[in-house]
Structures are given as structure tokens and as C-alpha cells.
Amino acid sequence: MIASTERICEELLGDLSGVERALRAALRRGASFAEVFVEDRAATSAVLDDGRVEDVSTGWDRGAGIRVVKGESTGFAHTTDLSPDGLVAAAEAAAEAVRSDGGGGERVVSLRAAIGRGGRPVEPPWEIPKRKKVELLAAADRAAREKHPAVFQVSAHYADSRRRILVANTEGLLASDEQVRTLFAVSCVARGDGGMQTGRESVGRTGGFELFAEVDVARLALRAAERAVSKLHARPAPAGSMPVVIAAGGGGVLFHEACGHGLEADLVEKGASVFRDKRGEMVASELVTLVDDGTMAGEWGCVGVDDEGHPTVRNILIRNGVLTDYMSDWTRARRQGRPSSSGNGRRQSFRHLPMVRMTNTFLLPGPHDPAEIVASTEKGVYVKHLGGGQVNTATGDFVFGMTEAYLIENGEITTPIRDGNLIGNGPEVLRNIDAVGNDFAMGPPGTCGKDGQGVPVGDGMPTVRVVALTIGGTAA
Amino acid sequence: MSTSRPVDLADLVGRIASRARDGELVEVFASRSDGVSVIAHEGEVESFTISHGEAIGVRVVAGGREGFASAGTLDDDVVATLLDEARENATFAEIDPHAGVAEPDGFEPPALCLFDEAVPRTGRHDKIRLALDLESATKSAHPAICGVRQATYGDHWGEAAVANSLGVQAAGSVSSCHIGVAAMASDGTMTTIASSVDAGRDPSKLDVEKVARDAAHRAARILGAAPVPTRRLPVVFEPRKTAVLVGLVLDMLSGEMVTKGRSPFTDRLDHTIASEALTIVDDPTDPDSLGADTHDGEGLACRRNLLVDRGRLVGFLHNSTTARRFGCRSNACALRGARSLPGVGAHAPHVEPGEGDLESLISSLDEGFLVQSLVGLHSGVNPISGDFSVGAEGLLIRDGSVAEPVREVTLASTLQRVLMDVMAVGADLEYLPDGSVVPTVVIGEMTLAGR
């Protein structure tokens with residue numbers, strides 16, 4: 001057994017006998033496939049608001065989710081009782097939940113430890129005194145207020161989590177992963193004659209406290225403060241269609257929404273994606289090469305194995321404008337006759353069934369000089385920083401928020417504009433990309449929500465220009 | 001999937017709260033729930049999920065310092081460590097003179113029955129049947145329906161208890177169930193999608209046919225939708241969309257936002273903030289609302305709170321901490337789960353009815369926009385500045401009737417303006433699955449941005 005899998009198994013379960021019994025119990029009840037997913041998650045968070053550290057919390061969660069597949073139906077049950085009897089009881093309940101197509105039988109499952117990728121962070125957050133975590137908050141608060149008297153409210157948030165998972169299934173797969181994440185965020189509110197404006201900055205890594213050797217929280221806070229203050233004189237955003245330039249790293253959420261979700265095989269299979277039946281077709285400007293890559297060390301959406309135990313890989317979804325592949329989980333891979341999952345089967349916790357999810361989704365750099373992209377735009381909007389977004393995968397219509405944006409007038413970035421959404425149609429926007437910068441940056445850490453489940457995702461992009469997007473402002 | 005005998009929650013939280021030391025406040029919240037969820041697809045059960053959840057959270061306030069610890073299990077050995085962990089966490093917090101727990105206030109809880117045996121008692125096959133029937137009913141509800149993205153049945157039943165060292169204690173049981181479907185319609189060139197839900201406390205009373213027809217009708221009526229040129233016009237929000245708007249407004253009336261100066265309404269108590277047509281109440285004592293509750297997250301008895309009275313701001317939503325900060329008593333608006341400190345929010349927002357229904361309100365407009373769906377609320381609405389800009393689908397209104405469908409447009413204004421621009425409030429109150437009780441509302445003017 002690979003060392004880390006052995007360790008995690010011992011830490012979470014003691015030994016594998018309960019897992020093996022649960023899988024056998026599922027098979028006896030007619031399962032064609034069964035899976036035990038064990039998870040242990042410990043989290044610490046601290047919040048400073050209104051000038052004081054006001055909420056220091058710790059939380060702990062441990063349990064197992066057991067999935068039993070019979071034909072095309074899945075039964076699922078979860079338990080916090082990790083004893084062999086607890087796991088078997090959950091497996092039996094999951095098996096009973098779905099109709100059986102035929103009788104079960106005795107089958108031996110020999111678990112093979114295939115992978116155990118989780119690496120210990122350089123500075124495990126659970127070994128760092130809470131005092132040091134709390135001190136970061138105060139430093140951010142000070143920095144945000146010092147330079148900008150208009151900033152009257154600062155909230156700073158520190159969070160770390162350690163998630164250990166173990167997955168075993170009746171195909172013999174046995175995998176583990178240890179996922180440690182550390183996050184820091186600052187939100188500022190500035191007050192001026194025209195009301196209040198907000199600025200937020202966040203940074204997150206799949207990794208430990210070493211993050212703060214690289215990231216200066218005071219500088220992060222200052223950027224959030226500057227964003228809030230700069231918007232005090234912001235004009236209402238324009239309303240209507242015009243060219244939009246999005247800054248590198250402003251947030252690849254544009255691509256996450258414009259086509260990422262539409263390339264998830266579960267939505268494609270149900271006919272709920274505007275990108276269904278498009279493999280091999282030109283779906284974007286040839287400047288577009290889009291990648292989903294769960295292996296990028298340190299990035300927010302990085303995982304060693306997905307929540308079905310499959311190693312993540314680098315998946316090229318669109319190459320030079322041509323749709324090359326969809327993302328899949330175990331279920332979709334099996335139905336579509338793929339050799340294996342693309343490593344995109346993820347779930348929020350042991351209480352949830354896995355589904356197809358993105359990891360780190362980003363656009364590769366292109367040939368254009370970012371400064372020239374702006375200079376060659378006569379009139380438009382420059383979006384420096386994006387908020388979240390949302391997509392209707394059936395129509396392909398998607399929105400994303402701008403939290404720092406400016407007008408472009410005669411090739412120059414000029415007046416700041418107020419927050420709002422932009423709306424576009426995925427396939428149209430992808431075709432309407434006429435410039436891709438030779439720069440690149442990953443965006444801030446994100447949480448992607450789908451069918452009520454949130455998972456951490458990363459995104460990234462170079463500077464990009466879309467010929468026409470609709471800006472959801474109020475100004476004529 | 002609890003294998004050991006279930007713990008008595010009221011007893012458990014009371015025991016831990018009673019361990020408070022001198023000068024220390026302790027509050028314990030615990031919950032346990034069961035539920036199932038069924039997803040139907042192509043006439044089969046795609047998945048059947050059996051859920052069991054339990055959780056406990058302990059809050060300690062000592063010398064004005066607050067700490068919190070929680071766990072997703074009620075196992076004795078874990079529970080035993082939480083009090084000390086919360087105490088340790090408190091040592092890292094700074095002194096907040098307003099930190100504390102709820103004080104007993106003598107209010108009597110409303111007499112409500114929130115638990116219906118029908119939910120746990122309904123058999124697995126009947127629950128599966130609801131999801132399967134919903135899927136097939138949706139497919140046949142309209143000729144344009146080409147598929148169903150998801151048809152679901154879900155329910156939960158459970159109990160919660162809270163106690164604190166000042167003597168507040170409360171416990172209760174709840175159950176609820178719902179069905180929901182996302183219908184897809186096609187005209188050969190485009191596919192549209194629309195959803196509908198129904199919720200209640202008795203699975204046999206869920207209206208499969210109505211949900212199927214509603215989702216199918218909505219998906220079909222926006223087939224052929226296209227962007228239209230940018231314009232300003234009146235916007236009609238059906239009850240389910242009114243609930244979304246009201247939810248955004250209530251975020252701005254949260255004591256948490258108000259006492260930290262993050263709400264544009266912080267200094268506007270007793271001022272006019274909305275059109276006279278608008279009265280908003282949070283009324284968890286209404287037994288017909290699915291947001292009805294006997295106690296809030298800190299154990300105080302729920303009560304009816306008038307917030308906006310014919311346009312005048314008369315109240316905020318408070319838990320005990322924001323109330324102390326504001327200089328008033330909590331009005332029992334603490335919302336929480338066991339895994340986090342109590343927040344602030346409305347249980348069951350009511351908008352007082354006016355006159356007319358959706359049809360008559362539409363017929364009063366020469367030009368307008370009927371909203372069908374809103375997207376990007378989390379990215380396009382800023383409750384601090386009030387900036388409001390969201391993606392929308394819907395139907396144009398021309399000469400008092402619904403006209404062509406529209407998509408890929410945005411609606412924008414500020415929430416402050418939206419409130420002042422409430423032009424009409426209908427009499428067609430709907431009891432919605434999210435607990436709100438709201439009618440159709442017409443906003444006098446918003447910017448619709450398109451081509």
C-alpha cells in the first residue's frame with residue numbers, strides 16, 4: 001500500500017475491514033458497483049470586523065458516504081459512524097434504496113492502493129498557533145484604514161481547512177488524498193458624498209501557512225481599500241452592448257460560465273448544454289485554448305485525486321477554437337464508453353453524491369500585447385476585477401459581475417464605473433473574442449455552486465477582448 | 001444512520017450550558033435531521049439519497065470575548081471537547097462589550113405545529129412515485145417540451161434544541177417536503193429551461209400536475225426569445241420574483257449590516273424609504289407560511305415584526321448581539337445552523353397585499369417587462385451600495401398584454417430606487433416554498449440593457 005493511503009486509512013478508520021465488508025454487503029444486495037467515500041474535515045476560521053476580532057471558530061466533521069449502483073440507478077446513504085457495523089448499515093441502506101435488477105452474489109473485492117497524492121504543506125496550519133492567524137487580521141485592518149480615511153469599515157477573514165479523504169470501490173480502486181487549504185480575504189467599505197462603495201480582495205492556496213511568506217496581507221488590504229475608494233467617484237455603468245476588455249487574472253470566471261459548465265458531461269448528456277454534440281467543431285475564436293487542470297500545485301482548485309478516487313489530469317477542452325473534450329465523472333465516463341473518468345468527479349462532502357465539476361479552468365495566453373489591446377479599443381469597458389457569475393447552460397446565456405471596471409475612451413482607460421453584471425451568450429462570446437494577450441494570471445479563489453453543492457475552484461486568463469458584450473448599467 | 005440510541009437534544013444542550021463558570025456565558029445549539037431525496041430521469045430513479053445529519057455548536061462568551069466550536073456528530077467523546085475548544089477560541093477574540101447570548105424576555109412562543117408525521121411515514125415508493133410522476137407529467141404538459149433536466153422529490157424531518165446559561169431554552173421538531181422540476185423546451189433552433197417547485201408538510205398534498213404545467217409553460221413561453229434594444233420601462237415581478245427582491249431588501253435591514261454602518265438605511269429609521277404601497281412584515285407566527293417557527297436560533301420566541309409600514313422604515317431585524325449594539329431588545333431574528341454563530345435574518349417575509357392580480361396589473365401597462373428569471377444576484381447586487389444589475393429573461397408587455405419573449409438582457413437600478421419606485425402591489429398573495437408570503441409587484445422604472 002502506498003504510504004500516504006496507509007496513513008490516512010489508519011487515521012480515519014484503523015483498518016480496511018469495515019470498508020471491505022460494506023462493499024461486499026452492497027454486492028450481495030445486487031449492486032453492480034459500490035463505493036465508500038470517507039472524509040475527515042477540520043477547519044479553523046477567524047473574523048475581524050468593526051475593528052475587533054469577533055469570531056474565532058473551529059469545526060470538525062467526519063463521516064462516510066456510500067454509493068451503490070444498480071443498473072442506471074444510484075442509492076446513496078451517509079453515516080458518521082465509521083465502525084465496520086456503521087459502514088455496513090449505510091451500505092445496506094443505500095442498496096435497499098434502489099430496485100434490484102437481479103440477485104446479488106458473493107464477490108471478493110481486492111482493493112489496490114493506486115494513488116495517494118496528498119502532500120503535507122510546508123507549514124501545516126494546524127501546527128500554527130491561533131495567535132499568529134489572528135495577528136494577520138489586525139495587520140490587514142490597520143493597513144486598510146491607515147492610508148484611506150474614507151474607509152470606515154473593514155472586515156478580514158482567515159480560514160484554513162484540512163480535508164482527508166479515502167475512496168474505495170468494487171472495481172478495486174483504493175485512493176486517498178489530503179487537501180489542505182488556506183485563505184485570507186479583506187472587504188472594505190468606503191463612504192463618500194455619493195454613498196458607500198465596497199472593495200474586496202482575497203487569496204487562497206491549496207497549501208498551508210507558507211502562503212503568508214509569499215502574500216503580504218497588508219498589501220492585499222490596501223488593494224481592497226483602494227478599490228472601494230476609487231469607486232466613490234464611479235459613474236453609473238453604461239447600458240447596452242459594446243467591446244469589453246478583461247484584464248489578465250481579473251477572473252477566469254468569464255470562461256467558467258461562458259463554456260465551462262456547458263462542457264460538463266452530465267449537463268451535455270441531459271441535453272441541457274448548448275455545447276452538446278459539438279465535439280470536433282469550431283465553437284470559439286481560434287485564439288481560444290481552454291484547459292481544466294486539477295493538477296496545478298498550490299492552485300485553489302487543485303486536488304490529488306477527485307472525490308471518486310481518480311487522479312486529476314490536465315484536460316484540454318477547447319484547442320484553437322475546436323471543442324476537443326467534455327469533462328466527466330465515473331458515471332458519465334461509463335455511459336459514454338470512455339476509458340476512464342477525466343478526474344472531474346467532485347462533491348462538497350461525504351453527505352453528497354459526486355457530479356461533474358471543474359477544478360482550475362483557464363484560458364492559455366495568446367499573441368497580443370495587452371497594452372495594444374486597450375489602445376486599439378476606441379470605446380468600451382475595461383474590467384479589471386470580476387465578481388462571480390452564473391450561467392443558463394441550456395441557452396448559454398451567462399452573466400458575470402464587474403467589481404472594478406473603467407470606461408475605455410479613445411484607447412485609454414478613464415473613469416471608474418459602478419458595480420454591475422455583464423451578460424452574454426457563451427457560444428457567441430467565444431466566437432467574438434478578437435484579442436488574447438500574451439500575459440496570464442490566475443484569479444482569486446472561488447467556490448463553484450452547482451445543484452446546491454459548493455466546491456473550491458480556480459480560474460485564470462490572459463487579457464482578453466470580446467467584441468461585444470452587454471453591460472448591465474443604467475446610463476444611456 | 002444512527003446506530004446507537006438517540007440522545008435527547010434538550011437534555012444535552014441544557015447539560016452543557018449548565019457547565020458555565022462564573023462570569024461566563026455558554027450557549028449550546030444542537031440539531032438532528034433525517035431526509036431523503038429522489039432524482040428521476042428518463043422514467044428511472046437516477047439516485048435515491050438517504051440523509052442523516054446531526055451537529056452541535058457551542059458558544060462561549062467570557063469577559064466580553066466570544067469563541068465558538070462545532071462538530072458534525074453528537075458522539076459523547078467529541079461533544080465533551082467542544083466547550084473547552086470554544087473557551088480556548090474565545091481567548092483569541094477581542095473584547096466586545098456587546099457580545100453575549102439571548103436574555104429571557106418573557107415572550108410566549110406562537111402555538112404552531114411544524115411537524116407532520118406524513119413526511120417520515122410516507123413510504124419510499126410513494127416518494128419515488130412523486131419524482132417519476134413529476135417527470136412524466138412535465139414531458140406531456142406541453143408539446144414543446146423536449147426533456148427534463150431534473151425532477152426531484154426531497155424532504156427532511158428533524159429536531160433542534162438550544163439552551164444558554166441565562167436560562168433560555170427551547171426545543172422543537174419540524175418537517176417539510178418539496179418537489180421540483182427543470183423543464184426543457186425546444187423549437188428546433190434553441191432550447192430553453194425553466195423550473196417550478198412546490199413545498200409543504202405533507203407529501204400527498206404536493207401538486208405534481210401544477211408544478212409540471214407551470215415549468216413546462218414557462219420553458220415554452222420563452223422559446224424564440226432574443227435580446228431587444230436598451231430602454232427604460234416598468235417591470236412586473238410575479239410573487240416568486242417579488243420574494244427575491246424582498247429578500248435583497250431584508251439583507252439591508254439586517255441588524256448586522258445596520259449596526260456596522262453597512263446598510264444605506266442605517267440612519268433612516270422612521271424615514272420614508274419606499275413607496276406608500278409597500279408594507280413589509282416578518283411574520284413567523286403565520287401557521288401557513290413554510291417559514292413559520294416557534295423560536296429563533298438563540299431560543300427566543302418568534303414574533304411578528306413590522307419593518308416597513310406604508311413606505312416608512314419602522315424596524316430592523318436583530319439577534320441579541322446586534323440588538324445590544326443598537327441599544328434595543330432582540331426581536332428574535334437570529335437565524336443559524338449548529339455549525340455557525342447565529343446570524344440575522346427574516347423567517348417569513350410578508351408583503352401586505354394591495355389590489356389586483358398579475359393579469360390586471362399587466363393590463364394597466366402600455367409598455368413593460370414581465371420577469372421570468374433572474375441570474376447573477378450574487379455578482380450583480382451589492383447590498384452595501386445598493387447597486388442592482390442582474391441578468392434576466394422574460395416577456396415584453398405591450399398595450400396591456402404580454403408580447404414577445406426576451407433573453408440575454410440585464411435589469412438595473414439601485415435597491416434604494418426600486419423601493420421608491422414600487423408603483424403597484426397586487427392582492428394575489430402566494431405562500432412560497434422559501435417561507436415568504438408575497439404578491440405581484442410592479443416597479444415603475446428600471447433600465448433594461450440589451451442590444
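Predicted model: local features only at pLDDT ≥ 70, side-chain atom pairs only at ≥ 80, totals over all residues.

Colleague: Why does 12% make A:H310 buried?

Modeller: Because buried means under 20% relative accessible area. A:H310 has 12%.

Colleague: Where in chain A is A:H310 found?

Modeller: In the loop between β9 (290-293) and β10 (314-319).

Colleague: And which residues is A:H310 in contact with, leaving aside neighbours within four places in sequence?

Modeller: A:L173, A:G304, A:V305, A:W330, A:S341 and A:G343.

Colleague: New topic. How many residues does each chain bring to the contact between B and A?

Modeller: Chain B brings 77 residues and chain A brings 80. The area buried between them is about 6100 Å². Carbon and sulfur atoms give 47% of that area.

Colleague: What about salt bridges and polar contacts across that interface?

Modeller: The rule finds 11 salt bridges there. It also finds 44 residue pairs in polar contact.

Colleague: Which residue does B:E88 meet in a salt bridge?

Modeller: A:K130, at 3.3 Å, N to O. B:E88 lies in helix α2 of chain B and A:K130 in helix α4 of chain A, so the pair joins two chains.

Colleague: Which residue does A:D160 form a salt bridge with?

Modeller: A:K133, with the closest N and O atoms 2.8 Å apart. That pair links distant parts of the chain, 27 residues apart: A:D160 is in strand β5 and A:K133 in helix α4, both of chain A. A:D160 and A:K133 are both buried.

Colleague: And in chain B, what does B:R325 meet?

Modeller: The side chain of B:E256, in a salt bridge of 3.9 Å, N to O. B:R325 sits in helix α8 and B:E256 in helix α7, 69 residues apart. B:R325 counts as buried at 16% relative accessibility, while B:E256 counts as partly exposed at 27%.

Colleague: How many salt bridges does the structure hold over all chains?

Modeller: 75. Some link up into a network, which joins A:R7, A:E11, A:D40, A:R62, A:R162, A:R164 and A:E178.

Colleague: Now the nonpolar side. Which residues touch the most other members of the largest core?

Modeller: A:V19, B:F48 and B:Y153, in a core of 66 residues. Helix α5 (residues 208-221) of chain B gives the most to this core, with 7 residues. A second, separate core has 49 residues, including B:V246 and B:F388.

Colleague: Last one. Which way do the side chains point along strand β21 of chain A?

Modeller: They alternate. A:G446, A:C448 and A:K450 point to one face and are buried.

Colleague: How does β21 of chain A connect to β22 of chain A?

Modeller: They run antiparallel, joined by 5 bridges. Together they form a hairpin with 2 residues between them. In the turn, A:D451 has a positive phi of about 45 degrees. A:K450 has A:Q453 as its bridge partner in β22.

Terms used
Residues numbered from 1 in each chain as written. Chains lettered and ligands numbered in written order. Heavy atoms only, no water. Buried < 20%, exposed > 50% of the residue type's maximum accessible area, 1.4 Å probe, protein only. Helix = DSSP H or I, 4+ residues; strand = E, 2+ residues; numbered from the N terminus. Pairing = 2+ DSSP bridges. Core = buried A, V, L, I, M, F, W, Y, C linked by side-chain atoms within 4.5 Å. Contact = heavy atoms within 4.5 Å. Buried area = accessible area lost by both parts, 1.4 Å probe. Salt bridge = Lys/Arg side-chain N within 4 Å of Asp/Glu carboxyl O. Polar contact = N/O pair within 3.5 Å; in protein donor to acceptor, adjacent residues only side chain to side chain.
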